[in-house]
Amino acid sequence: EGVALARSLVRVSDVVVEAFTAETMRKWGLGYDTLQSIKSDIIYMQQPGWGYKGPYVQFASYGPIAQAVSGLTEQSGLPAPQPPAGWGFSYMDWSGAYYCAISMLCAIYYKKRTGKGQYLDCSQVEPGIYMTGSAVLDHLVNGRSYQRTGNRSPYKLAAPHGAYRCVGED
């Protein structure tokens, strides 16, 4: 009954977005080929944690896992020997969704221009990797390995960086 309802929704929709593991929709008979046969110009966006292809495709994921695998967790906290602090919340749950929303808007724009739908594989881990770009670029261009700096500016004096005394005891 649920699959029949989903098919009827596809007939009147422009976009289908889901964040199951990579094969779930296909196993339910709702993969991209099926959705395209229901509505030829459908935009289908998958957001499995690890993408639709690759060695981790069967694994489930959520924000903190995607954050750790992407390298973002390692970039947060006080300098070594302290352990990474992480970001304290499921950053990639909403940040991954933000990147997917931007991709979806691009697909809708493309559809308006061409009349064609498309399939989008927007894993949750990939946007996290994009957000490590400055560390990757610094390593590639300058040969510097990323090191956590806590709340200090690593290369030049800048404000606000550091801890500042306030009035009172606390």
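Proline 79 sits in the loop between α4 and α5, where helices (H or I, at least four residues) and strands (E, at least two) are DSSP runs numbered from the N terminus. This is a predicted model, in which local features need pLDDT of at least 70 and side-chain atom pairs count only at pLDDT 80 or more, while totals for chains, interfaces and linings use all residues. Residues are numbered from 1 along each chain as its sequence is written, and side-chain values use heavy atoms, with hydrogens and water left out.

Back to proline 79. Its relative accessibility is 38%, so proline 79 counts as partly exposed; buried means under 20% relative accessible area, exposed over 50%, and partly exposed in between, with a 1.4 Å probe and protein chains only. Proline 79 touches Arg148, Thr149 and Gly150, leaving aside residues up to four places away in sequence. Contact here means heavy atoms within 4.5 Å. From proline 79 to arginine 148 there are 69 residues in sequence, and the C-alpha atoms are 4.7 Å apart in space.

The loop between α4 (63–70) and α5 also holds proline 81. A cis peptide bond joins alanine 80 to proline 81, with omega about 15°.

Now the two helices. Two packed helices are described by the angle between their axes and the distance between the axes. For α4 and α5, the axes come within 6 Å and cross at roughly 80°. That makes α4 roughly perpendicular to α5. The axes are lines fitted to C-alpha atoms, for helices over the stretch in contact, and angles run from 0 to 180 degrees between N-to-C directions. Angles under 35 degrees count as roughly parallel, over 145 as roughly antiparallel, 65 to 115 as roughly perpendicular, and the rest as oblique.

Which residues meet between α4 and α5? On the α4 side they are Gly63, Ala66 and Gln67, and on the α5 side Tyr91, Met92 and Asp93.

Glutamine 67, in helix α4, is buried at 4% relative accessibility. Leaving aside residues up to four places away in sequence, glutamine 67 touches Leu72, Thr73, Gly86, Trp87, Phe89, Tyr91 and Met92. Glutamine 67 and isoleucine 129 are 62 residues apart in sequence, with 8.5 Å between their C-alpha atoms.

Isoleucine 108 is partly exposed, at 31% relative accessible area. Together with Tyr98, Ile102 and Leu105, Ile108 forms a nonpolar patch on the surface, with about 380 Å² of accessible area in total. Patches are made of residues with over 30% relative accessible area and no salt bridge; like charges are joined within 9 Å, and nonpolar side chains (Val, Leu, Ile, Met, Phe, Trp, Tyr) within 5 Å. The areas come from the Shrake-Rupley method with a 1.4 Å probe, and for residues only the protein chains shown count as cover.

Threonine 114 is also in helix α5, and is partly exposed at 34%. Threonine 114 and leucine 72 are 42 residues apart in sequence and 37 Å apart in space, C-alpha to C-alpha.

Next, charges. Side chains of opposite charge can pair when their charged atoms come close. How many salt bridges does the structure hold? The count is 7, a salt bridge being a side-chain nitrogen of Lys or Arg within 4 Å of a carboxyl oxygen of Asp or Glu.

One of them pairs lysine 39 with aspartate 14, the closest N and O atoms being 3.8 Å apart. This pair links distant parts of the chain, 25 residues apart: lysine 39 is in the loop between α3 (32–38) and β2 (43–46), and aspartate 14 in the loop between α1 (2–11) and β1 (15–18). Lysine 39 is buried at 17% relative accessibility, whereas aspartate 14 is partly exposed at 45%.

Aspartate 14 also forms a salt bridge with lysine 111, at 3.1 Å from N to O. Here the partners are 97 residues apart, with lysine 111 in helix α5. Lysine 111 counts as buried, at 11%.

A further salt bridge joins lysine 39 and aspartate 41, with 4.0 Å between the closest N and O atoms. Both lysine 39 and aspartate 41 are buried. Shared partners join Asp14, Lys39, Asp41 and Lys111 into one network of salt bridges.

Last, proline 48, in the loop between β2 and α4. Is proline 48 buried or exposed? At 1% relative accessibility, proline 48 counts as buried. Its contacts, among them Phe20, Ala22, Asp121 and Cys122, leave out residues up to four places away in sequence. Proline 48 and alanine 22 are 26 residues apart in sequence and 5.4 Å apart in space, C-alpha to C-alpha.
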